[in-house]
Amino acid sequence: NPYTEVRATATFKRPDGSVWRIGLFWDGALDWKFRISPDQVGNWTWSVESNDAGLNGQLGQFRVVESDLTSSIEPMQGFPLHFQTQNGKPFWFFGETGWSIMTDHAEEQINRDAVKHYIDTRAKQGFNAIHCMLISEAGWGNSGGNPFVDMANQQINPDYWKEVDLRLAYLNKHGITGGLALAWGDKGRGEPFPW
């Protein structure tokens, strides 16, 4: 089970010499990935430490250039009850909840096209954040299937998470930050989980 048995960490050396360590994630088959949002312009290097011989010792480099993309949100310097982007620009948090946008449900008319329409509408209205849950309390999947092949044995379904990635990328493309909750408890509603 790659999800539970393989450990893999990427170590990044920033241009200023400081180091970040980020876990890799299994993306199905033999694919392993990491995601990083670089916070410094310049040359970066990375290397992987893992208990898997195929991953252990992998290394690479990349160059970060200036960008006009919105960066991460953080507390404002000197005013911790306000927000700014990493580059110091003030961020007025204007958001709402779209808890089910990572899932599909025929009766609720939720699917990728409906979610894109919702995001398009909110972007035109000036929203810059939407909170959502990655795993539905009602047990809903998406076009990739359910989040887990076997939840009891912690066997994830990468295709579900790839669909989540597509929807997150669509949010980002529209300048909207996804406020991600892994899952809600069922609040006593008792929906059966099909996985």
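The entries below go through the salt bridges I looked up.

Entry 1. I noted that the model is predicted. I looked up how many salt bridges the structure holds, and the total is 7. Side chains of opposite charge can pair when their charged atoms come close.

Entry 2. I looked up D27 and found a salt bridge with K33. The closest N and O atoms of D27 and K33 are 2.8 Å apart. I then checked D27 for burial: its relative accessibility is 5%, so D27 counts as buried, the cut-off being under 20%. K33 has a relative accessible area of 37% and is partly exposed.

Entry 3. I looked up R122, which forms a salt bridge with E96, and the closest N and O atoms are 2.4 Å apart. R122 is in helix α2, residues 112-124, while E96 is in strand β10, residues 95-97. The pair therefore ties together parts that are 26 residues apart in sequence. R122 counts as buried at 19% relative accessibility. E96 counts as partly exposed at 22%.

Entry 4. I looked up R112 and found a salt bridge with E163, with 2.5 Å between the closest N and O atoms. R112 lies in helix α2 and E163 lies in helix α3, residues 158-173, so this pair ties together parts that are 51 residues apart in sequence.

Entry 5. Salt bridges join R112 and E163 with D104 and R167 into one network.

Conventions:
Residues numbered from 1 in each chain as written. Predicted model: local features only at pLDDT ≥ 70, side-chain atom pairs only at ≥ 80, totals over all residues. Heavy atoms only, no water. Salt bridge = Lys/Arg side-chain N within 4 Å of Asp/Glu carboxyl O. Buried < 20%, exposed > 50% of the residue type's maximum accessible area, 1.4 Å probe, protein only. Helix = DSSP H or I, 4+ residues; strand = E, 2+ residues; numbered from the N terminus.
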